[in-house]
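Q: I have a structure open here and would like to go through it with you. Could we start with how its elements are named?

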Amino acid sequence: MALKGTDIVKRLPDGGKKNCKECGFPTCFAYAMKLASGGTTVDKCTYLAPEVKAELTEALAPPMKLVTIGTGANAIKIGNEEVLYRHEKTFFNKPGLAILISDNEPAANVDAKVKKIKDMKFERVGLILKADMLALRFASGNRAGYEALVRKVCETTDVPLVLISEDFDALVAARQICGARNPLVYPVTKDNVDRAITAFKAAPTPLGVRGTGVEELIPLTTRLKAAGLDDLVLDPGSKTVLDAIRDQTFIRRAALKQGFRPLGYPTIAFPALTAGGGLNEMAAAAVMICKYPGVIVLSDIDEASLLALAVLRLNIYTDPRVPMSVEEKVYGINNPDENAPVLLTGNWALTYFIVSSETEGSKVPAWLAVKHTEGLGVLTAWAAGKFSGDNIGPFVKKVGVADKVKHRRLVIPGKVARIKGELEEALPGWEIIVGPREASEIPAWLPKLVEKWKN
Ligand code: SF4
């Protein structure tokens with residue numbers, strides 16, 4: 001259970017009265033309070049006895065372990081979650097979407113899936129949405145074939161890998177091929193846990209631990225942790241989507257609400273193997289994005305399904321406390337010059353990307369002046385007093401719109417047409433033009449405006 005600062009200070013040197021300041025805090029008590037809130041780390045005090053350090057490290061560890069699969073910029077971090085429901089705070093580490101490749105699939109299928117993981121991606125609100133991982137399954141019975149698959153994928157991609165094999169020797173051999181990639185090795189079960197400890201203790205890698213139910217996971221994770229293998233990903237062995245919801249929720253609740261360490265790890269789910277393919281599989285994957293695995297293994301994916309799942313994941317894993325926003329500045333679209341029109345909008349990311357993309361689609365060179373509205377949409381920002389003549393006038397001067405164009409015309413969103421008068425007062429000499437109410441009207445409206453100016 002989490003310790004309070006007053007509990008921690010009693011464990012510090014001289015009962016918390018040494019106060020040497022070497023940790024950077026003025027007193028032991030201040031350090032203890034910061035430690036309790038997660039604002040500093042145990043290693044800052046070098047006078048802690050080893051057993052006290054171990055005790056504090058264990059007691060202050062997050063209720064769900066952070067596990068990294070893969071290496072470098074493509075590595076996936078899962079776990080370290082703090083809440084059962086997103087609206088309580090936020091979900092932190094989005095699940096990795098993995099595409100399954102079995103070693104008995106035709107070579108053309110393998111190549112197609114490798115190509116998808118490399119090339120299939122979408123841009124939305126400035127973010128790249130894509131699948132993240134490949135799960136390589138030994139299904140042929142031919143170890144040499146499996147090793148060839150692992151070697152090929154390892155050489156041709158740099159995405160995180162899940163190695164899947166019921167044949168433990170094949171699993172160890174595959175791990176040796178791509179060990180430098182820090183793969184998730186799956187499954188460790190009650191039947192092979194001793195061999196797994198022997199095989200991986202010297203050079204740990206993330207391990208997928210599978211039980212025939214949640215209860216069976218508990219002795220397994222306890223043994224692995226005692227052996228120093230603590231980067232674990234849990235599979236409760238759920239056979240249906242309903243079972244998966246129940247098991248995933250149970251594990252999450254036990255870890256976060258009860259502080260039950262043996263289940264304090266991220267999880268993995270296999271819609272690929274349990275949902276029956278097609279739309280059922282995608283529906284199961286969508287459910288799992290909401291509750292709660294860190295890795296979701298799919299048999300395959302097409303563009304439509306990937307877009308739907310990735311957008312759902314983006315929505316669930318976007319911090320609801322922080323509106324997505326873009327930088328306040330003047331953006332050039334379609335190589336504008338000093339004659340280009342200037343459009344005004346707010347800095348909610350969705351507004352910016354829709355307005356900029358519709359402006360781009362108009363083929364008209366233009367400037368897009370994006371005012372900081374604390375991530376609010378234009379109408380909401382106006383209602384909150386953040387998009388009015390009083391503050392837009394100073395904004396236009398501050399960001400130097402007048403330095404970019406020789407005309408003095410400003411297009412405002414049609415939804416805030418009522419601020420036209422205020423703006424004319426705030427920006428003397430400027431013509432304020434009311435633009436379309438909807439961004440989708442820009443491609444038809446903007447060329448006509450420019451044509452009118454020319455004439
Ligand atoms: Fe206290 Fe340790 Fe900080 Fe010194 S370094 S003030 S002993 S907590």
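This is a predicted model: local features need pLDDT of at least 70, side-chain atom pairs count only at pLDDT 80 or more; totals for chains, interfaces and linings use all residues.

Q: Is Lys-21 buried or exposed, and what is its phi?
A: Lys-21 has a relative accessible area of 55%, over the 50% cut-off, and therefore counts as exposed. Its phi is near 75 degrees, a positive value in a residue other than glycine.

Q: Which other residue has a positive phi although it is not a glycine?
A: Asn-334 has one, of about 60 degrees. Asn-334 is in the loop between β13 (329-333) and β14, and with 27% relative accessibility it counts as partly exposed. As background, most residues other than glycine have a negative phi, and most peptide bonds are trans.

Q: Where are the cis peptide bonds, then?
A: One runs from Tyr-186 to Pro-187, with omega near 0 degrees, and Pro-187 is part of strand β8 (residues 184-188). Another runs from Lys-291 to Tyr-292, with omega near -25 degrees, and Tyr-292 is in the loop between α12 (278-290) and β12 (295-298).

Q: Let's switch to the ligand. Which residues are around it?
A: The residues around the ligand are Pro-13, Lys-18, Asn-19, Cys-20, Lys-21, Cys-23, Cys-28, Tyr-31 and Cys-45. By type, this shell divides into six nonpolar, one polar and two charged residues.

Q: Tyr-31 is on that list; what about Thr-40, which touches Tyr-31?
A: Leaving out residues up to four places away in sequence, Thr-40 touches Phe-25, Tyr-31, Lys-34 and Leu-35. Thr-40 is in the loop between α3 (28-36) and α4 (50-60), and because its relative accessibility is 13%, under the 20% cut-off, Thr-40 counts as buried.

Q: How is the chain divided into domains?
A: The protein chain is divided into domain 1 (5-60), domain 2 (66-316) and domain 3 (329-454). The centres of domain 1 and domain 3, taken over C-alpha atoms, are separated by 54 Å.

Q: And how many residues are in the largest nonpolar core?
A: The largest nonpolar core has 87 residues, and those with the most contacts inside it are Leu-134, Leu-136, Tyr-146, Leu-163 and Leu-224. This core draws at least three residues from each of domain 2 (66-316) and domain 3 (329-454). Apart from it lies another core, of 22 residues, including Leu-344, Ala-381, Val-401 and Val-416.

Q: What does Leu-163 touch?
A: Not counting residues up to four places away in sequence, the contacts of Leu-163 include Leu-136, Tyr-146, Val-150, Leu-171 and Tyr-186.

Q: Now Asn-347: where is it, and why does it count as buried?
A: Asn-347 is placed in the loop between β14 (342-346) and α14 (349-362), and it counts as buried because its relative accessibility is 1%.

Q: What does the side chain of Asn-347 reach?
A: The side chain of Asn-347 makes a polar contact with the side chain of His-372 (3.2 Å), and it reaches the backbone nitrogen of Thr-373 at 2.9 Å. Leaving aside neighbours within four places in sequence, Asn-347 is also in contact with other residues, among them Met-324, Val-370 and Leu-376.

Note on methods: Residues are numbered from 1 along each chain as its sequence is written. Side-chain values use heavy atoms; hydrogens and water are left out. A residue is near a molecule or strand if one of its heavy atoms lies within 4 Å of it. Ala, Val, Leu, Ile, Met, Phe, Trp, Tyr, Cys and Pro count as nonpolar, Asp, Glu, Lys and Arg as charged, and the others, Gly among them, as polar. Domain bounds come from an automatic or database domain assignment. A nonpolar core is a set of buried Ala, Val, Leu, Ile, Met, Phe, Trp, Tyr and Cys residues joined through side-chain atoms within 4.5 Å. Buried means under 20% relative accessible area, exposed over 50%, partly exposed in between (1.4 Å probe, protein chains only). Contact means heavy atoms within 4.5 Å. Helices (H or I, at least four residues) and strands (E, at least two) are DSSP runs, numbered from the N terminus. A polar contact is a pair of N or O atoms within 3.5 Å; within protein, one must be able to donate a hydrogen and the other to accept it, and residues adjacent in sequence count only if both atoms are side-chain atoms.
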